[in-house]
Amino acid sequence: MGNVVVIGAGVAGIQAALDIASHGIHVDLIEREPTIGGHMAMLDKTFPTNDCSMCILSPKMVDVSRHPNITIHTCTDVEKVEGEAGHFRVTVKKHPRYIDETTCTGCGDCVLVCPVEVYNRFDAGIGVRKAIYKPHPQAVPDIVVRDQEHCIECGLCYDVCGPGSVKREDTEKEIVIDAASIVLATGYEVFNPKKKPQLGHLTLPDVITSLELERMINAGGPTGGKVLRLSTGEKPKSIIFLQCVGSRDMTVDRPYCSCVCCMQAIKNAILIKEKSPDTDVTICYMDIRSFGKGYEEYYERAKALGVRFLRGMPSDIIPDKGGQIVQVENTETAEVTVMHPDLVVLSVGMEPAPSLATLAEKSGIPLEESGFVKTVHDALDTTTTLRPGIYVAGTAVAPKDIPDSVSSGGSAAMRAYRDAVAPVNTPYGTIPERPEPVREHRKTARSRSE
Ligand SMILES: Cc1cc2nc3c(=O)[nH]c(=O)nc-3n(C[C@H](O)[C@H](O)[C@H](O)COP(=O)(O)OP(=O)(O)OC[C@H]3O[C@@H](n4cnc5c(N)ncnc54)[C@H](O)[C@@H]3O)c2cc1C
Ligand code: SF4
Ligand code: SF4
Ligand code: SF4
């Protein structure tokens with residue numbers, strides 16, 4: 001029986017790894033960050049149930065770390081993918097953590113004494129972290145990482161660490177892993193609103209992204225769960241959400257819908273209204289896409305709580321004394337509304353993870369024009385890539401919410417498992433019949449109708 005390599009440990013990769021491992025197959029789970037969990041670990045609640053995101057994810061992260069059939073490789077990138085289905089050789093590079101992973105207890109004493117504070121990517125830019133840090137309290141593995149680039153070598157962490165786990169020197173390590181099959185689950189990146197400077201992100205302090213709002217609303221986040229104006233530190237009296245930022249927009253080469261941003265804006269509007277009913281909340285949208293189970297009812301719940309839905313999008317956000325002006329033409333009534341919100345939230349869309357293009361080239365798998373992974377069929381099989389033995393899960397295929405990411409992780413897992421128990425091109429197993437590439441399917445369908 002073969003081994004499976006899963007690349008990317010967000011909720012989709014975690015699900016794939018758990019499903020494969022529970023069938024008795026060993027999994028090497030490769031994650032480039034110091035912790036597994038991906039974007040779901042950054043979220044506060046999840047729609048449409050308002051379950052606490054980490055309360056659902058954390059047990060899965062712990063299950064992965066304790067599973068006898070799973071080896072987690074954090075701070076690790078894929079260098080090379082050689083071989084073929086049934087006999088891949090995946091070369092990975094483990095970046096130095098500058099911590100002895102076998103002795104660090106994750107006590108955090110070193111973090112307390114470290115004098116250096118730097119921008120915290122996990123808090124989406126609105127918080128700071130130390131030069132030695134744990135990405136978040138429920139990180140897996142539950143150990144710290146030393147950021148050599150920002151460390152000033154003051155030596156305080158070496159002195160305070162009881163087990164002597166902080167390393168002065170550390171090196172990159174290359175590991176070669178044999179795999180019968182591979183699952184790519186590299187996830188997404190949010191659209192960078194810098195590409196739409198007219199919306200004022202980073203030039204107007206009270207224009208934030210939806211991911212930054214998630215961190216703000218999270219009790220474990222940089223503002224302790226309080227939604228605040230970054231300009232004054234005060235509670236905003238009025239908030240506007242702008243939908244489809246970096247989605248359905250040809251001016252930034254993003255023609256597709258990002259699927260989750262309508263629902264995540266509704267979710268955060270509900271959370272704000274429930275906590276603070278006097279806050280005026282408006283969602284400016286082109287269309288509301290509430291397609292999933294319980295989603296339409298969730299949308300109705302937001303309306304009942306007093307969230308205003310305004311069909312129309314402003315072309316820009318105009319700076320004003322002590323705030324900003326948002327002017328919107330309601331496309332249903334042709335009425336123009338001018339608003340002076342205290343806070344504007346840009347509901348940024350999803351893009352493929354930045355590393356995906358290079359990884360796809362190394363793995364020999366074709367991508368769609370959008371940059372997401374191409375699969376053998378857009379409707380019947382959205383987890384098999386065009387290279388035999390390599391499968392794809394979660395938002396690496398296309399924008400998805402958590403339930404769909406988890407299902408696709410399970411689906412990719414079963415295909416990868418099949419290859420691992422019946423290795424392809426070996427004397428011990430059969431060669432599974434593979435569907436033709438998608439172009440061929442399309443040609444056949446067209447020629448039939450002609
Ligand atoms: C603001 C916001 C709010 C949201 N709220 C909700 C919600 O309430 N409910 C809901 O259902 N969905 C929500 N979503 C969507 C949800 O975040 C995604 O559906 C889900 O996180 C996708 O999981 P994933 O595993 O596909 O990707 P990710 O979570 O992106 O995980 C991918 C992992 O792969 C790693 N990786 C990337 N490249 C490499 C590489 N080359 N090598 C190794 N590792 C790599 C990354 O570091 C990451 O850990 C929200 C999204 C946003 C932006
Ligand atoms: S490096 Fe040392 S002080 Fe820091 S968390 Fe690990 S054991 Fe604790
Ligand atoms: S040596 Fe570096 S990481 Fe350690 S406490 Fe000093 S600045 Fe922080
Ligand atoms: S989900 Fe809603 S906000 Fe997001 S791109 Fe689609 S229509 Fe726009």
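A residue is called buried here if 20 or more other C-beta atoms lie within 10 Å of its own C-beta atom. That term will be needed at several stops of this tour, which runs through a predicted model.

**Domains.** Begin by colouring the protein by its three parts: domain 1 (4–95 + 172–187 + 353–421), domain 2 (109–160) and domain 3 (192–349). The centres of domain 1 and domain 3, taken over C-alpha atoms, are 31 Å apart. Where these two domains meet, domain 1 contributes 11 residues and domain 3 contributes 18 residues. On the side of domain 1 that touches domain 3, one finds 6 nonpolar, 1 polar and 4 charged residues.

**Nonpolar cores.** Next, select Val4, Val6, Ala17 and Val183, the residues with the most contacts inside the largest nonpolar core, which has 109 residues. Centre the view on Ala17: leaving aside residues up to four places away in sequence, Ala17 touches Val6, Val27, Leu29, Val64 and Ile70. A separate, second core consists of 13 residues, among them Cys110, Val144, Val145 and Cys157.

**Ligand 1.** Now display ligand 1 and the 40 residues around it; Gly8, Gly10, Gly38, Gly187 and Gly394 come nearest. Two or more residues of this shell come from each of α1 (11–21), β6 (76–84), β14 (188–190), α5 (210–217), α6 and α9 (402–421). Domain 1 and domain 3 each provide at least three residues of the shell around ligand 1. By class, the shell around ligand 1 comprises 18 nonpolar, 14 polar and 8 charged residues.

**Ligand 4.** Proceed to ligand 4, which has 13 residues around it; the nearest are Cys244, Ser247, Cys257, Cys261 and Cys262. At least two residues of the shell around ligand 4 come from each of β16 (238–245) and α6 (261–275). The shell around ligand 4 holds 5 nonpolar, 5 polar and 3 charged residues.

**Helix α6.** Finally, select α6, a helix that contributes to the shell around ligand 1 and to the shell around ligand 4. From first C-alpha to last, the 15 residues of α6 reach 21 Å, close to the 21 Å expected at 1.5 Å a residue. Is α6 mostly covered or mostly exposed? The helix is mostly covered, with 12 of its 15 residues buried. Those buried residues include Cys261 and Cys262, as well as Lys267 and Lys273. To see what surrounds them, show β3 (45–46), α5, β16, β17 (280–285), α7 (295–304) and β22 (343–348), against which the buried residues of α6 pack.

Notes:
Residues are numbered from 1 along each chain as its sequence is written. Chains are lettered from A and ligands numbered from 1 in the order in which they are written. This is a predicted model: local features need pLDDT of at least 70, side-chain atom pairs count only at pLDDT 80 or more; totals for chains, interfaces and linings use all residues. A nonpolar core is a set of buried Ala, Val, Leu, Ile, Met, Phe, Trp, Tyr and Cys residues joined through C-beta atoms within 7 Å. Two residues are in contact if their C-beta atoms, placed from the backbone, lie within 7 Å. A residue is near a molecule or strand if its C-beta atom, placed from the backbone, lies within 6 Å of it. Helices (H or I, at least four residues) and strands (E, at least two) are DSSP runs, numbered from the N terminus. Ala, Val, Leu, Ile, Met, Phe, Trp, Tyr, Cys and Pro count as nonpolar, Asp, Glu, Lys and Arg as charged, and the others, Gly among them, as polar. Domain bounds come from an automatic or database domain assignment. The expected span of a helix is 1.5 Å times one less than its number of residues.
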